[in-house]
Amino acid sequence: MDAAISTAVSGAAPVTDAPPYMSVQRVQKIYETAGGAVEAVSLADFTVTSGEFVAVLGPSGCGKSTLMMMIGGLEPTSAGRIRVDGAEITGPRADFGYIFQDATLLPWKSVLDNVLFPIKLEHGRTRDHLERARELLELVGLWDFRDKRPRQLSGGMRQRVAICRGLINDPKLLLMDEPFSALDAISRDDMNAALADLWDRYHKTAIFITHSIREAVYLADRVLVMSRRPSVISHDVRIPFQRPRRMAMQETAEFNEICGFLRRKIEEGYQRA
Ligand SMILES: Nc1ncnc2c1ncn2[C@@H]1O[C@H](COP(=O)(O)OP(=O)(O)O)[C@@H](O)[C@H]1O
Ligand SMILES: [Mg+2]
């Protein structure tokens with residue numbers, strides 16, 4: 001069974017002459033700490049096509065956030081290099097969207113001003129982006145809450161605001177690090193559906209870190225599995241489902257087979273370590 005799924009879903013990147021949109025080339029990260037060196041990522045080596053939604057799945061502490069921060073230019077690599085759209089990553093980029101686990105909204109600002117904050121920082125004025133903010137907030141059902149402060153919202157609502165903020169500058173690349181981990185299961189399903197909808201509409205290239213296998217399979221075109229440290233990308237699995245994705249898809253035998261396949265690969269990664 002595994003062999004069949006593997007052949008069906010873990011094909012190599014599509015054959016094309018175009019250079020990849022993003023390339024992570026033999027990247028390693030070692031943190032030097034008072035207690036010694038920590039090898040957070042041993043070897044990451046993969047490419048991403050423009051418009052692809054790639055989920056990165058792996059156990060806690062395996063270096064997922066570190067990989068994400070290197071891609072986003074928030075941490076330097078110790079070896080190897082990362083290129084996006086032809087340019088080497090050397091620092092944070094205004095044309096990327098960043099969405100992290102805790103929706104770090106500014107508590108004294110309204111929902112609308114939080115969404116517009118990256119624009120305010122970059123351009124000083126937000127007038128030209130009001131219409132886009134409205135469109136995004138309407139899509140996630142929060143336009144009526146635009147004047148509320150973050151503390152007046154539930155965790156799921158705050159996270160939806162953070163997603164709108166991550167998309168307000170129409171980013172070329174959307175980087176998400178476990179954006180829904182702090183949410184309960186029902187809000188998480190809602191958020192997954194909201195993200196899938198946004199995806200169908202805007203179709204960004206995205207890297208999505210998660211430790212939820214179902215979330216990864218539901219959202220992604222491809223799932224990269226990271227092993228436990230010393231971590232490498234151990235599997236690159238293509239998800240064959242069409243878009244738009246529907247929640248009901250999670251009930252199908254094929255969906256559950258792929259989840260089971262990934263679960264076994266993650267367990268193998270544990271045993272190897
Ligand atoms: N700034 C840092 N300094 C030192 N060690 C770190 C730092 N950030 C993360 N680590 C260590 O690197 C390893 C990978 O961490 P992380 O990338 O956060 O993993 P994950 O996101 O998969 O849980 C862990 O052992 C963690 O303790
Ligand atoms: Mg992390």
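At 43% relative accessibility, Asp170 counts as partly exposed, where buried means under 20% relative accessible area, exposed over 50% and partly exposed in between, computed with a 1.4 Å probe on protein chains only. The structure is a predicted model, in which local features need pLDDT of at least 70 and side-chain atom pairs count only at pLDDT 80 or more, whereas totals for chains, interfaces and linings use all residues. Residues are numbered from 1 along each chain as its sequence is written, chains are lettered from A and ligands numbered from 1 in the order in which they are written, and side-chain values use heavy atoms, with hydrogens and water left out.

Asp170 takes part in two of the contacts between charged side chains described here, one with Lys204 and one with Arg132. Both are salt bridges, defined as a side-chain nitrogen of Lys or Arg within 4 Å of a carboxyl oxygen of Asp or Glu. The N to O distance is 2.4 Å for Asp170 and Lys204. Asp170 lies in the loop between H5 and S7 and Lys204 in the loop between helix H6 (185–202) and S8, so this pair ties together parts that are 34 residues apart in sequence. Helices (H or I, at least four residues) and strands (E, at least two) are DSSP runs, numbered from the N terminus. Lys204 is buried, with a relative accessible area of 10%.

For Asp170 and Arg132 the N to O distance is 3.8 Å. That pair links distant parts of the chain, 38 residues apart: Asp170 in the loop between helix H5 (155–167) and strand S7 (173–177), and Arg132 in helix H4 (residues 130–139). Arg132 is buried, at a relative accessible area of 16%. The charged end of Arg132 also sits over the ring of Tyr202, 4.9 Å from the ring centre; the criterion is NZ of Lys or CZ of Arg within 6 Å of the ring centre and within 35 degrees of the ring normal.

Across the whole structure, the search finds 17 salt bridges. Side chains of opposite charge can pair when their charged atoms come close. One of the bridges joins Glu52 to Arg238, with the closest N and O atoms 3.7 Å apart. Glu52 is in the loop between strand S2 (36–48) and S3, and Arg238 is in strand S10 (residues 233–238), so that distant parts of the chain, 186 residues apart, are linked. Glu52 counts as buried at 7% relative accessibility, whereas Arg238, at 22%, counts as partly exposed. Glu52 and Arg238 belong to a network of salt bridges together with Arg222 and Asp236.

Six aromatic pairs are found in a search of the whole structure, a pair being rings of Phe, Tyr and Trp (its six-membered ring) with centres within 6.5 Å, and with planes under 30 degrees apart counted as stacked, over 60 as edge-to-face and the rest as tilted. The pair of Phe53 and Phe208 is tilted, with 5.7 Å from centre to centre and 45 degrees between the planes. Phe53 lies in strand S3 (residues 53–57) and Phe208 in strand S8 (residues 205–210), so parts 155 residues apart in sequence are tied together by the pair. Both Phe53 and Phe208 are buried.

Ser23, in strand S1 (residues 22–33), is buried with a relative accessible area of 9%. Leaving aside neighbours within four places in sequence, Ser23 is in contact (heavy atoms within 4.5 Å) with Phe46, Thr47, Arg81, Ile82 and Arg83. Helix H2 (residues 64–71) is mostly covered, with six of its eight residues buried, namely Lys64, Thr66, Leu67, Met68, Met70 and Ile71. Gly73, which follows H2, has a positive phi near 75 degrees.

The disulfide count comes to zero, a disulfide being a pair of cysteine sulfur atoms within 2.5 Å. The sulfur of Cys62 is 18 Å from the closest cysteine sulfur, in Cys259, too far for a bond. Cys62 counts as buried, at 0% relative accessibility, and Cys164 likewise counts as buried at 0%.

In an unreviewed entry, UniProt lists residues 25–253 for "domain: ABC transporter"; UniProt positions are given in the numbering used here, feature names are shortened, and annotations may be inferred rather than shown by experiment. Over residues 25–253 the chain is 31% helix and 27% strand, with the end C-alpha atoms 36 Å apart.
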